Amino acid sequence: MAETRSTCCYCGVGCGVIIEHEGDRITGVRGDPAHPANFGRLCTKGSTLHLSAGPETLAVRALRPELRTARETARQGVSWEAALDHVADRFAAIIREHGPDAVAFYGAGQLLTEDYYVFNKLVKGLIGTNNLDTNSRLCMSSAVSGYKMTLGADAPPASYEDIAHTDCLVIAGSNTAFAHPIVFRRVEDARTANPAMKLIVIDPRRTDTAEAADLHLALLPGTDIALYNSMLHVMLWEGLVKRDYIEAHTEGFDAIKKTVREYTPAMASAICGLSKKEIETAAEWFASSPATLSMYCQGLNQYAFGSHNNAALINLHLATGQIGRAGAGPLSLTGQPNAMGGREVGGLANLLSAHRDLANPAHRAEVAALWGVDSVPEKPGKSAVELFQALKSGEVKAVWIACTNPAQSMPDQTLVHEALATAELVVVQEAFAHTETCRHADVLLPATTWGEKDGTVTNSERRITRVRGAVAAPVEARHDWQIAVDFARRLGVALGKGELAQRMFPYADPESIWNEHRESTRGRDLDITGLSYAMLEADGPQQWPFPEGASSGKQRLYEDGVFPTVSGKARFVVTEHAMTAESPSARYPLHLITGRLRDQWHGMSRTGLVARLYNHEQEPLLHMHPEDLARRRLKGGDLVTVRARGGRIVVKVLESTTVRAGQCFLPMHWGGNAMSGLGSNTLMPSKFDPHSKQPELKHAAVQVEAFVAAHTLVAMRASGEAGADNPHALMERLRPLLSGFPYASLTLVGREHPVVVLKARSEQIEQALLAELDRALGLDDPLKTLSYSDSRRDIAKHARVDGDRLTAVRLAGEALASDWLTDLMVRRESAAPVRNWLLAPVTQPPAGKVMRGKVICNCFDVSEDDILAAFRAGESLDALQARTRCGTNCGSCVPELKRMQNATPTSRAAA
Ligand SMILES: Nc1nc2c(c(=O)[nH]1)N[C@H]1C(S)=C(S)[C@@H](COP(=O)(O)OP(=O)(O)OC[C@H]3O[C@@H](n4cnc5c(=O)[nH]c(N)nc54)[C@H](O)[C@@H]3O)O[C@H]1N2
Ligand SMILES: Nc1nc2c(c(=O)[nH]1)N[C@H]1C(S)=C(S)[C@@H](COP(=O)(O)OP(=O)(O)OC[C@H]3O[C@@H](n4cnc5c(=O)[nH]c(N)nc54)[C@H](O)[C@@H]3O)O[C@H]1N2
Ligand code: SF4
Ligand SMILES: [Mo]
């Protein structure tokens, strides 16, 4: 067995991993004890990375270039040469006829810095348009503009280390326990070491993060500015601001002081739905703690006033001097593993390399000189939402999409799907072929992914880490930077600039690209001229800035109180409360909030391959407060139609007190390839922030009503030797059937040999659809299939038995026994008890068959029922952990275990 050090490809925490591999197989993964982001720990997603990279996952990988020449036809496999020549010719023709702004590129914060660098140079340097945007527009662009308008540069000033030094931690609009679990482990450690440390969580929902807080401010969605302005009001009133700091290191205080005069706690409490006392306490803790650190994410960024959400919070740090010291400062948590690297190379439509300014002629000249071109374009390019609007209107004719799935993750999905259907040419560069966006591809270019590729990424705390490949590229997949370089050289020829393109893209490996990027940072705030691949190799990951001659990177910025602005002073920004894009009304009475689950990553192209990552939530569930359910005569598990101005979807409801009455929550993860309908973003408006152009993905106003569907259908098939089937190939066969039902979802249950389960509901089930389903599941073999049907009651049961094993089931009409049957398949038990049940007119599972319940601890497979029984019997969490080891490996379920413990009365206490 060999080992390769690399980095987790999920979140911006940037944990180091050690990949275990044999030949071309990745066999395991563990945390890298030497990595300063995680010191050996991994969360549920990181610790299952190898399960998303096994040979069976090749069934859903993009492995060969594919091309279709007419919309109506299917794509055919072609050679790389044919695919790239075709694309270069088409791009060149469009550019010649309509100009460079008629083409656009849309990338992702999951590309490596080297990939990003080449794309940026290709688009802005060779083609001559700024139409290069990425999904960071949906994610970090308000954080970028928030930092720039206050501190003068896009640089998070604090580090993870500061969590251990802070006395007051403010987590705002971030569900750290789910979205940055290893950072949350640090928060838990810090509180154990310093029990006096205060934790304030600002989130409309009572998340696992909020559950841990000393003070949870469950404000109404979209009201952060009113809260922070009011906190500043209280600080001024109580004499808690730091006059000397404000005087020496900031400007613009008088204007904000005037603004916040109006934001009395009484006024803010009405806007935010909080008590005056809560606001006053938060202000006092923030200002008077020796060191206050804030961490924030999409709850602030994803609003049409996201830049000001960020600025209003940073104002508080400036007013109290809570910055530039150990344990203090505003630390924006990065979402994707390399959104930071993308920002560094200037990979957005309004950015220029190495934090240079597009509007500054001297900066443009510097970049042009570095790239060896006459000029780089001045006009900002199309941001994500604008890009898809322009694609639909025909202003942009061709789009190249790399490493992102806009046909699920962008707001206003109706528009995005129309845009992709209208475009003259859609090129998709993807590692997995089963995403919604791939369906729209005229040209599909297969990319390598985690475990295969090589380069660098930068995490939330400005730390640059090497990403290394452990195994070779599968089949014909190529590295993202290679694809961009090959295309650039061909496009150069097609545009009559062949020589220039050869000169601009000479790279033979990621290191030569990175070295060029490094040179572009010389003298800039993010200067990394003191670093090299060799040094990252020898000394491990390093933080920027790290200029030539320095002996280490900088853990903390602005310790001297000097900021990268013209005057050297930080700026207060006047921020005012504003209305969300949509407000609840009589027709759309509920606030809808969207966000993440702990175990799924975005569109699930990777996490959706790992059965145990569905343990947390198996289906797309709308979390609703019991009062709102009662008002609509609904109960948990019922189907509902969720309607917004932009569209509608059908999902199941989950009763939950984590949301307040009047609000509901929907995870962002399910889209058209895992459910019927296009997922949460059918409902989201595309209004965006005027400064950052980041759309309001966190909030919509919706209506929820019961969806009546008399028929239930559950179909499942075992995988592994008994079923012989590859579960991912099987899911692929079932995906096209999802849209045939008003409600349907696909999931994997089990561990080693998961069972593929399709759950659907419908008013009328079409026979043709059933026949197709049966074919896909292997239930069309009369010799192996047992059937019972009662047409009067409209109930049907079909099961396939191979040898002694139950291998496929379809229940129609009623599915009361589905969990029992899934369990039986997962445990690979004998099919004997099923035979009698199946041939009898009963639908309930046999008496005495108890299901295990939801699995809470993924690492040690400990179920909810067992944990609740232990707490009821009065067992302590420590004792439970000693006995079952639950929560003792990755620790991701510990917040949930604590919540369950608090919510469960022990039978002793009850007695
Ligand atoms: N498990 C998992 N982890 C991930 C990801 C993933 O897909 N899955 N994705 C990664 C990426 S790219 C990102 S950007 C991050 C996102 O990380 P987070 O931003 O932490 O995650 P979200 O769940 O999107 O949103 C955070 C919280 O914002 C709250 N919120 C909504 N409206 C408001 C508001 O008006 N004010 C305040 N204060 N809070 C509000 C929501 O209730 C939610 O709990 O996660 C990263 N980590
Ligand atoms: N309603 C709602 N919508 C949201 C959000 C929300 O909170 N609510 N959050 C937004 C945010 S913050 C984000 S970051 C976006 C994320 O949205 P997306 O970027 O669409 O999310 P992913 O599913 O991570 O897409 C990455 C794609 O790249 C592919 N891939 C993986 N590795 C590689 C590789 O090495 N090379 C290439 N070429 N492809 C690869 C994956 O298979 C996957 O399809 O969603 C946004 N959308
Ligand atoms: S916290 Fe989890 S998902 Fe994020 S980098 Fe670490 S292991 Fe990966
Ligand atoms: Mo993100």
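Into which domains is the protein divided? In this predicted model, in which local features need pLDDT of at least 70, side-chain atom pairs count only at pLDDT 80 or more, and totals for chains, interfaces and linings use all residues, side-chain values rest on heavy atoms, with hydrogens and water left out. Residues are numbered from 1 along each chain as its sequence is written, while chains are lettered from A and ligands numbered from 1 in the order in which they are written.

The division gives domain 1 (83-138 + 341-526), domain 2 (141-332), domain 3 (590-706), domain 4 (711-838) and domain 5 (855-910), with bounds that come from an automatic or database domain assignment. The contact between domain 1 and domain 2 (heavy atoms within 4.5 Å) takes 11 residues from domain 1 and 17 residues from domain 2. The C-alpha centres of these two domains lie 35 Å apart.

Together, domain 1 and domain 2 bury about 1,100 Å², 42% of it on carbon and sulfur atoms; buried area is the accessible area (1.4 Å probe) that two parts lose on being put together, summed over both. On the side of domain 1, the residues that lose the most area to domain 2 are R343, E461 and R462, which together account for 46% of what that side buries.

R343 also takes part in a salt bridge, with D154 as its partner and 2.6 Å between the closest N and O atoms. Between domain 1 and domain 2 the count is one salt bridge, defined as a side-chain nitrogen of Lys or Arg within 4 Å of a carboxyl oxygen of Asp or Glu. By class, the side of domain 1 that touches domain 2 has two nonpolar, four polar and five charged residues. Here Ala, Val, Leu, Ile, Met, Phe, Trp, Tyr, Cys and Pro count as nonpolar, Asp, Glu, Lys and Arg as charged, and the others, Gly among them, as polar.

Aromatic rings come next. Rings of Phe, Tyr and Trp (its six-membered ring) pair if their centres lie within 6.5 Å, with planes under 30 degrees apart counted as stacked, over 60 as edge-to-face and the rest as tilted. The count comes to 15 aromatic pairs. One of them is the stacked pair of F105 and W400, at 5.7 Å centre to centre and 20° between the planes. Because F105 lies in strand β6 (residues 103-107) and W400 in strand β16 (residues 398-402), this pair ties together parts that are 295 residues apart in sequence. Strands (E, at least two residues) and helices (H or I, at least four) are DSSP runs, numbered from the N terminus.
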